[in-house]
Amino acid sequence: MAWTKYQLFLAGLMLVTGSINTLSAKWADNFMAEGCRGSKEHSFQHPFLQAVGMFLGELSCLAAFYLLRCRATGQSDSSIDPQQPFNPLLFLPPALCDMTGTSLMYVALNMTSASSFQMLRGAVIIFTGLFSVAFLGRRLVLSQWLGILATIAGLVVVGLADLLSKHDSQHKLSEVITGDLLIIMAQIIVAIQMVLEEKFVYKHNVHPLRAVGTEGLFGFVILSLLLVPMYYIPAGSFSGNPRGTLEDALDAFCQVGRQPLIAVALLGNISSIAFFNFAGISVTKELSATTRMVLDSLRTVVIWALSLALGWEAFHALQILGFLILLIGTALYNGLHRPLLGRLSRGRPPAEESEQERLLGGTRTPINDAS
């Protein structure tokens, strides 16, 4: 069945904003500018401040939810309000996981390429599958186990491509390895977040925009407060600011003042995460979870192609092989092969409604599937 103009718009919005989210963060990392107190020119490495900006983008989804609820007042649309009362503090544990995982990924993005960053995030399938068996009592089918194995193989190939690629002064081999490992560690935390959301949050039938916004509120407030002690905590070689501390927000604002394009990149990151969450939720509702996963895979291709075109990284053929293996792993784990097999065996695809239920019931994407 042909897509409507609105559905095409949602699909395009998800693909574009999802790509902008990673590319704008990497663009900000590539800038060089002077900092505070007359410090010499240095790269913009402020991952925790960037994470605060991401949570600000998620927080805007809460404003969108209340605007929709005001608009729906007096109408028959009951999808805006939850079907049963819930305690907003239920979102605190997932928000803490999101805060930790996001911060680690922004640190890693300073050390590795944008395409490897996006591809290695596919490792979340491995840990989500294992944790769902251990803590949610799920039983994975053979195709899901094969998907996990394929994902592991794909990660090995992508990691090998990073080892064999040429590295410049900005991305040394040791930093690339550290960055890749940090991304994998972050996916473990994201998987824990998904399990917590599945076990404690989804059963309350909370509107997705409200869920994203509430977690964004917790993440924004907590991480903003943590910027104060981070200003004094020494970080050694992991620090990207002249003071050598874990985060120097004042230095970041000074750099933004001296290089306004950094502010453009940060605003692109904040706004793109808000629109990406809205578009992702709407694509799942209007089309299917399968479409959302396909678009998410296309996002990796767009990020990789633009990174090559902008000269941010060098081409390596192993990345193509790694991406294809990761794509196969994602398809197997989420059951994207079943509609094709059903069409071959019965001559027609299965009902899209049952497909959505199987994909969303078998494994959920995190409420705030960020970057």
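At what angle do helix α5 and helix α6 pack, and how far apart are their axes? Helix α5 covers residues 124-135, helix α6 covers residues 142-164, and the two pack at an angle of about 145° with their axes 9 Å apart. Axes here are lines fitted to C-alpha atoms, for helices over the stretch in contact, and angles run from 0 to 180 degrees between N-to-C directions.

Before going on, a word about what we are looking at. This is a predicted model, where local features need pLDDT of at least 70, side-chain atom pairs count only at pLDDT 80 or more, and totals for chains, interfaces and linings use all residues. Residues are numbered from 1 along each chain as its sequence is written, and side-chain values use heavy atoms, with hydrogens and water left out.

Now back to our pair. On the α5 side we have Ile 125, Ile 126, Gly 129 and Leu 130, and they meet Trp 145, Ile 148, Thr 151, Ile 152 and Leu 155 in α6. Contact means heavy atoms within 4.5 Å. The residues of this contact divide into seven nonpolar, two polar and no charged. For that count, Ala, Val, Leu, Ile, Met, Phe, Trp, Tyr, Cys and Pro are nonpolar, Asp, Glu, Lys and Arg are charged, and the others, Gly among them, are polar.

Let's zoom out. The protein has 14 helices and two strands; helices (H or I, at least four residues) and strands (E, at least two) are DSSP runs, numbered from the N terminus. Of its 371 residues, 52% are buried. Buried means under 20% relative accessible area, exposed over 50%, and partly exposed in between, with a 1.4 Å probe and protein chains only. Among contacts with a separation of 6 or more, 81% are between residues 24 or more positions apart.

Some single residues show what that looks like. Gln 118 sits in helix α4, residues 114-120, and counts as buried because its relative accessibility is 6%. Its side chain makes a polar contact of 3.0 Å with the side chain of Thr 22. A polar contact is a pair of N or O atoms within 3.5 Å; within protein, one must be able to donate a hydrogen and the other to accept it, and residues adjacent in sequence count only if both atoms are side-chain atoms. Gln 118 and Ser 297 are 179 residues apart in sequence, yet 9.4 Å apart in space, C-alpha to C-alpha.

Next, helix α8, which holds Glu 215. Is Glu 215 buried or exposed? Glu 215 is buried, because its relative accessibility is 0%. Its C-alpha atom is 9.5 Å from that of Leu 90, 125 residues away along the chain.

In the loop between α8 (208-230) and α9 (249-258) we find Ser 239. The side chains of Ser 239 and Asn 241 are joined by a polar contact of 3.2 Å. Not counting residues up to four places away in sequence, Ser 239 touches Gly 244 and Thr 245.

Finally, Arg 258 in helix α9. With 46% relative accessibility, Arg 258 counts as partly exposed. Which residues does Arg 258 contact, leaving aside its neighbours within four places in sequence? They are Glu 34, Gly 35 and Cys 36, and the side chain of Arg 258 reaches the backbone oxygen of Gly 35 at 3.0 Å.
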